[in-house]
Structure formats: structure tokens, C-alpha cells
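Here is a short briefing on one protein model. Look at the sequence and the structure first, then read the points below.

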Amino acid sequence: MKNSGRTALISDIHSNYISLEVLYYELKTENIDNIIFLGDYLTDCPYPMKTVEIIKALKDEYNSVFIRGNREDYLLDYYYNKPDWSSPSGRGSLKYTYDNTDLEFVEFFIDMPLSIIDENHIYCHGSPEKNTELLHWNRENTDNWLLKTDLDIIGGHTHVQGIYTKHGRTIINPGSVGIALGKGKEGNYAIMENKNGEIRYELKSYPYDYMKLYKEFLKSNLFEIGGYFTRAIYRNIVTGKPITMFLLRDAFNAARAEGIEGDIIPESYWARAAEKYGLTGDLND
Ligand SMILES: [Fe+2]
């Protein structure tokens, strides 16, 4: 891939079309030539086809490249294998997304690469080899990647926007459009500019109407379909705190402590963890 001009780096939309729509109009004022989409297009927020429509419009308007995130792999797993997705908090949100997305768009994920490279960078969702690997700053796995690569890494997946340099190499994470960690109630992305070989990065944020999103959650019935997991997603969006991760961790740990094996955790464990994080009452408090 050739890196020239101004490129928007867009990651982790997670079906938040309300945020993506604001970004769509913002990009028109940013004089963008290219977009690199870093994965996790769908799942977690309501009405996935509304996100698909905006992605298609962006694809028509800009020179675009698409990378496959872990969410795309989950949806493809359902496409091929139809695993048991009956648990509300465990898989309800994924099932909702699959059921409400045209198969044509799911099939678009099949040929998406896990990474691509240009002269200076490797672009990926998680790490260059795994779209589920989290490259958090100051962690051993992250620093090992920076030791062994001779390219700078551009990726998402952690939903934390930032630039990290170690061992003479840099990671650029544009953050998340749909479920940003940090301040909350905003979308994040980045612009990379190549001016005659000199590359600059700009981390960007913008607000969007999260109450409009809340109403869409209600209207779509996703809070029921996706259970406590979806309630945590919404709290994540408004607070910028990784509530979903806390909920998952606590529900899993409690189930394991009581000898429950396997990926699917009974709803009662989710309910107990949800209580602890204030997810059973008014989500806008
Ligand atoms: Fe991800």
C-alpha cells in the first residue's frame, strides 16, 4: 500500500452510527484523501445496517482500506458454524447484530486482511499477528512487539487513543469511534499526514448526541436482547470507563470460583456483577 496525503485512521466503530455520522461530516472538513479502517465495524450498538450505510458512503468517497477485527471473526464464526448464541449477556448482542446485518456485508469480511503494510507501518486491529491481542502501553507483550518489528504499528482494539514509543518504534492507536475509553461521550480517531516523506499524526476527538444513541438502544430493545453486557456497553460510552471489561471479568471469575467451566456464563453471574457496577438502575445517573 502507498502512504501519501492525508489519511484518516478509523477503528472500533462497534455499530455506533450516531458517532460515525458525526465523523462522516467532520471528515469532509479535514481534506482527507484516504481512510484506513482498522476493524470492529459492527456489534454492540443498535441498528448495524445504519453503520453499514455510512461505511459504504465513505468507501465510495475515499480511497479506503479495510482490516479485519475480532468482531468480524465472531460474526464469520456464526456465518460458518452457528455456535450457541442463546445467552443474553454472553452472546445476545452478537446475535442481534448478526440477525440485523445483510449477509452480503458479513461476506465482505471474508477477504479482509488481518494486517497490511506500507513503507513505514504495519496496520492491524490488535497486534500484527492477532486481532485479539491488546497492545496496552508499558506491557511486556507490547514492548516485545516494538523490539521485534522494524515498522511502526498502527492499530486499535484497546479503545484507548494514544501514541507510544519504545525501542525506537512507535504505536499509534486512533482510539474508538463507537465505544471510546477516556473522557466518555465522544468519538476518537486520528489523521496521518505524509508531507514529502515526513509523517505526522494528529489524535482527534469530537462529541456526539449520546442521548440519541440511548433512545436507539431503547427502541431496538437491545438492552433486553444483550442483557447486562449491553447495559455495560452504554455505561462505557457515557463514562469512558471500561465497565464492560470489569463486568466480564467479574462474571467470569465468580462463575469459575463456583466450578462453572466453558465460555457461556449463566445469567445469574452477570446479574451479580451488574449490581456491583450500578448497571441495574437508571443508566444515565
Ligand atoms: Fe476489537
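With 20 C-beta neighbours inside 10 Å, Val160 counts as buried, because 20 or more is the cut-off for that label. Keep in mind that this is a predicted model.

**Around Val160**
- Val160 sits in the loop between S6 and strand S7 (162–166).
- Which residues does Val160 touch, leaving aside those up to four places away in sequence? They are Asn173, Gly175, Leu181 and Gly182.
- Asn173 is 13 residues from Val160 in sequence. In space, the two lie 7.0 Å apart, C-alpha to C-alpha.

- Strands of a sheet pair through backbone hydrogen bonds, and the pairing is either parallel or antiparallel.
- Strand S4 (residues 115–117) pairs with strand S5 (residues 121–124) in the antiparallel sense, over three bridges.
- A hairpin of three residues joins S4 to S5.
- Ser115 has Cys124 in S5 as its bridge partner.
- S5 also pairs with strand S6 (residues 152–154), over three bridges and in the parallel sense.
- Here Tyr123 stands opposite Ile154 in S6.
- Together, S5, helix H6 (residues 140–148) and S6 make a β-α-β unit, and this unit is right-handed.

**The five-stranded sheet**
- Five strands form an open sheet with mixed pairing. Their order is S3-S2-S1-S9-S10.
- Strand S3 (63–66) and strand S10 (198–207) stand at the edges. Each has a single partner strand, so one side of each is left without a neighbour in the sheet.
- From one strand to the next, the twist averages 20 degrees.
- Strand S2 (residues 34–37) pairs with S3 in the parallel sense, over four bridges. Ile35 stands opposite Ser64 in S3.
- Helix H1 (residues 17–28) lies across strand S1 (5–10), strand S9 (186–195) and S10. H1 runs at about 30 degrees to S9.

**Helices H9 and H10**
- Two packed helices are described by the angle between their axes and the distance between the axes.
- Helix H9 (residues 227–239) and helix H10 (residues 243–257) pack at an angle of about 145 degrees. Their axes are 7 Å apart.
- H9 brings Tyr228, Phe229, Ala232, Ile233, Arg235, Asn236 and Thr239 to the contact. H10 brings Ile243, Thr244 and Leu247.
- How do the residues of the contact of H9 with H10 divide into nonpolar, polar and charged? Six are nonpolar, three are polar and one is charged.

Methods: Residues are numbered from 1 along each chain as its sequence is written. This is a predicted model: local features need pLDDT of at least 70, side-chain atom pairs count only at pLDDT 80 or more; totals for chains, interfaces and linings use all residues. Two strands pair if DSSP finds at least two bridges between them. Helices (H or I, at least four residues) and strands (E, at least two) are DSSP runs, numbered from the N terminus. A crossover is right-handed if, with the strands pointing away from the viewer, the path from the first strand over the helix to the second runs clockwise. Axes are lines fitted to C-alpha atoms, for helices over the stretch in contact, and angles run from 0 to 180 degrees between N-to-C directions. Two residues are in contact if their C-beta atoms, placed from the backbone, lie within 7 Å. Ala, Val, Leu, Ile, Met, Phe, Trp, Tyr, Cys and Pro count as nonpolar, Asp, Glu, Lys and Arg as charged, and the others, Gly among them, as polar. A residue is buried if 20 or more other C-beta atoms lie within 10 Å of its own, exposed if 12 or fewer, and partly exposed in between; C-beta atoms are placed from the backbone.
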